[in-house]
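Let us walk through this model step by step. Keep the sequence and the 3D view side by side.

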Amino acid sequence: MSDERGALRRAMRARRRALPAPERIAAADALAARLLALPFAPQSGFAAGYWAMDGEIALHAWQLRLPRAVRYCLPVLHADETLRFAPWKPGEPLVANRHGIPEPDVPEAALLRADQLDFAVVPLVAFDTRGHRLGMGGGWYDRSFAFRRARSGPPRLAGAGFSLQRTDAIAAEAWDVPLDAVCTESDTFLVEP
């Protein structure tokens, strides 16, 4: 990890953690409306979200407003160092993974690969308007969606964050998977292919 990327990660994580709870709740509601209004928002199939941690913008409002024909999924860490995705509804069992993040407690046979999704909302630490994101640094999403570097969706990928996580430009690395859109509580940035 470069010093520049590390410094940006630390600064942006501190910014989002400093947001007061009422602002976080309002932002999550506004984000849900923006995600649902995307021109490629799913009307059926499998849509993945994430369990918000470390000040990430929450997706619960979006999850609850998805069309009935859409199955909401949460990521599950897989032994091959990629993510798998499990359909999940509030109240279904969760277990903490090795990073302490809750994930569905389901048999491996119930897990979907990233290329079986129709849409995915990915967390980010920072983003630019060209569809580049800076994540936590583990590479889970980039490895899982690496096939998207050679072709466009599905699944379509939308980054979700607070507007204060926007930065002028993020230098793309060879392994970075670009997003189709980034949504915040106040803006939607559609990325041209």
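What follows goes from the sheet to its strands, then to a loop and a pocket.

This is a predicted model, in which local features need pLDDT of at least 70, side-chain atom pairs count only at pLDDT 80 or more, and totals for chains, interfaces and linings use all residues. Residues are numbered from 1 along each chain as its sequence is written, and side-chain values use heavy atoms, with hydrogens and water left out.

Start with the sheet. Seven strands make up an open sheet, in the order E3-E2-E1-E6-E9-E10-E11. The pairing is mixed. Helices (H or I, at least four residues) and strands (E, at least two) are DSSP runs, numbered from the N terminus. Two strands pair if DSSP finds at least two bridges between them. Strand E3 (83-87) and strand E11 (188-190) are at the edges; each has a single partner strand, so one side of each is left without a neighbour in the sheet. On average, neighbouring strands of this sheet are turned by 25° against each other, direction ignored. Axes here are lines fitted to C-alpha atoms, for helices over the stretch in contact, and angles run from 0 to 180 degrees between N-to-C directions.

Now look at strand E6 (residues 119-123). It pairs with strand E9 (residues 156-160) in the parallel sense, over five bridges. Alanine 120 is opposite leucine 157 in E9. Strand E1 (residues 45-48) also pairs with E6 in the parallel sense, over two bridges. There, alanine 48 faces alanine 120 in E6. So which residues of E6 point which way? Phe119, Val121 and Pro123 point one way, and Ala120 and Val122 the other way. All of them are buried, where buried means under 20% relative accessible area, exposed over 50%, and partly exposed in between (1.4 Å probe, protein chains only). In a regular strand the side chains alternate between the two faces of the sheet.

A helix covers part of this sheet. Helix H2 (residues 21-36) lies across E6, E9, strand E10 (181-183) and E11. Helix H2 runs at about 155° to E10. Contact means heavy atoms within 4.5 Å.

E2 and E3 pair in the antiparallel sense over five bridges. Leucine 74 has alanine 86 in E3 as its bridge partner.

The hairpin of E2 and E3 has five residues between the strands. Histidine 78 is in the loop between E2 and E3. At 14% relative accessibility, histidine 78 counts as buried. Leaving aside its neighbours within four places in sequence, histidine 78 is in contact with Arg84, Glu108 and Trp140. Aspartate 80 is found in the loop between E2 and E3 as well. Its relative accessibility is 40%, so aspartate 80 counts as partly exposed. The C-alpha atoms of aspartate 80 and valine 125 are separated by 24 Å, and the two residues are 45 apart along the chain. Glutamate 81 has a positive phi of about 70° although it is not a glycine. With a relative accessible area of 33%, glutamate 81 is partly exposed.

Another loop shows a positive phi. Aspartate 54 has a value of about 55° and is not a glycine. Aspartate 54 is found in the loop between E1 and helix H3 (60-65). At 26% relative accessibility, aspartate 54 counts as partly exposed.

Last comes the open space. Rolling a probe the size of a water molecule over the atoms shows where empty space is left. On a 1 Å grid over the protein atoms alone, a cavity is a set of points where a 1.4 Å probe fits but cannot get out, and a pocket is an open set with protein on both sides within 12 Å along at least five of seven lines; lining residues have an atom within 4 Å of a point. The largest pocket is lined by 35 residues. Met136, Gly137, Gly138, Trp140 and Tyr141 lie nearest its centre. Helix H1 (3-17) and strand E2 (70-77) are among the elements that each supply at least two residues of the lining.
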